[in-house]
Amino acid sequence: MVRKYPDAAMISDLISKGAIKVQSLASAGFSSPISLHQGEEEALLLAMKLGRSLFATDEGKAIKAARFLRLPFIVTPKIVVELFRLKRISSKKAQGAPEKLDKIGRYSPEIIADALVSLMEEKDGKTDNHKDT
Amino acid sequence: MAKPTTIRIPEDLLNEIDQFVRESKLDRSAYLREVLWKGFSVDKQERLLLKYVRGDLSQMEVCQELKWSPWEFLSQLKARNLHLSVELEDWLDAEKLPNFLKKRRP
């Protein structure tokens with residue numbers, strides 16, 4: 001599994017270490033405003049049930065559903081920028097991530113370019129104020 | 001079990017297929033079945049990926065339909081120079097991580 005699905009092996013390891021908690025939930029009665037795969041639908045439901053949680057996804061349709069349900073969401077490039085802002089990862093590691101998200105993760109060039117600008121601004125001590133402009 | 005069906009195809013295409021089958025010493029029916037399989041597979045992939053790009057299908061819905069893993073899905077996007085359905089607006093509207101996650105100095 002490690003060779004074929006390294007991400008799954010990593011997640012499995014984090015679960016066994018207790019860094020990721022698996023929760024089971026009854027999804028009966030909940031239907032997403034937009035048709036989604038079961039996993040995405042359950043993640044949305046869990047975010048709603050937990051409250052004060054952040055819905056992390058790389059799925060445009062799931063983001064549309066989160067917007068409709070007024071659930072706060074985050075996408076991977078933003079997580080990278082934020083982890084750097086919060087000093088959880090080094091500048092070197094942060095700078096290398098958008099390239100991977102571009103080539104492997106297939107994020108659009110516009111988002112990658114903006115993420116790199118945000119990283120540079122964080123490095124230079126400028127605040128990300130996209131939402132205010 | 002193979003079932004018979006009837007379709008109308010342009011005469012020039014049929015002539016070309018017949019000539020190719022003769023020259024390549026292929027079984028005509030078997031060859032047409034193979035071409036149909038291949039064409040259907042490619043067309044189905046293209047149509048479902050188009051639906052993904054338009055936001056009509058999610059990544060996992062496409063994966064389920066095409067029996068792809070998420071990694072296969074990403075490599076297929078790359079092969080076609082397509083991108084995730086996450087839009088610039090989504091990136092701009094994404095929330096920040098809470099400040100309590102900030103690493104404290106030792």
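Which residues in H4(A) meet which residues in H6(A)? In this predicted model, A:Pro77, A:Val80, A:Val81, A:Phe84 and A:Arg85 of H4(A) meet A:Ile111, A:Ile112, A:Ala115, A:Ser118, A:Leu119 and A:Glu122 of H6(A). The residues of this contact divide into eight nonpolar, one polar and two charged.

**Helix packing in chain A**
- The axes of helix H4 (residues 76–85) of chain A and helix H6 (residues 109–123) of chain A come within 10 Å of each other and cross at roughly 5°.
- Because angles under 35 degrees count as roughly parallel, H4(A) is described as roughly parallel to H6(A).

**Domains of chain A**
- The domain assignment divides chain A into domain 1 (32–74) and domain 2 (76–132).
- The centres of domain 1 of chain A and domain 2 of chain A, taken over C-alpha atoms, are separated by 22 Å.

**The loop residue A:Arg70**
- A:Arg70 is placed in the loop that lies between helix H3 (60–68) and strand S2 (73–74) of chain A.
- A:Arg70 is exposed, because 7 other C-beta atoms lie within 10 Å, and a residue with 12 or fewer counts as exposed.
- From C-alpha to C-alpha, A:Arg70 and A:Ala43 are 14 Å apart in space, while in sequence 27 residues separate them.

**Contact between chains A and B**
- In the contact between the two chains, 25 residues of chain B touch 31 residues of chain A.
- On the side of chain B that touches chain A, the elements giving two or more residues are helix H3 (59–66), helix H4 (70–79) and helix H5 (88–93) of chain B.
- The residues on that side of chain B divide into eleven nonpolar, six polar and eight charged.

Terms used:
Residues numbered from 1 in each chain as written. Chains lettered and ligands numbered in written order. Predicted model: local features only at pLDDT ≥ 70, side-chain atom pairs only at ≥ 80, totals over all residues. Contact = placed C-beta atoms within 7 Å. Helix = DSSP H or I, 4+ residues; strand = E, 2+ residues; numbered from the N terminus. Nonpolar A, V, L, I, M, F, W, Y, C, P; charged D, E, K, R; others polar. Axes fitted to C-alpha atoms, helices over the stretch in contact; angles between N-to-C directions. Parallel < 35°, antiparallel > 145°, perpendicular 65-115°, else oblique. Domains from an automatic or database assignment. Buried ≥ 20, exposed ≤ 12 C-beta atoms within 10 Å, placed from the backbone.
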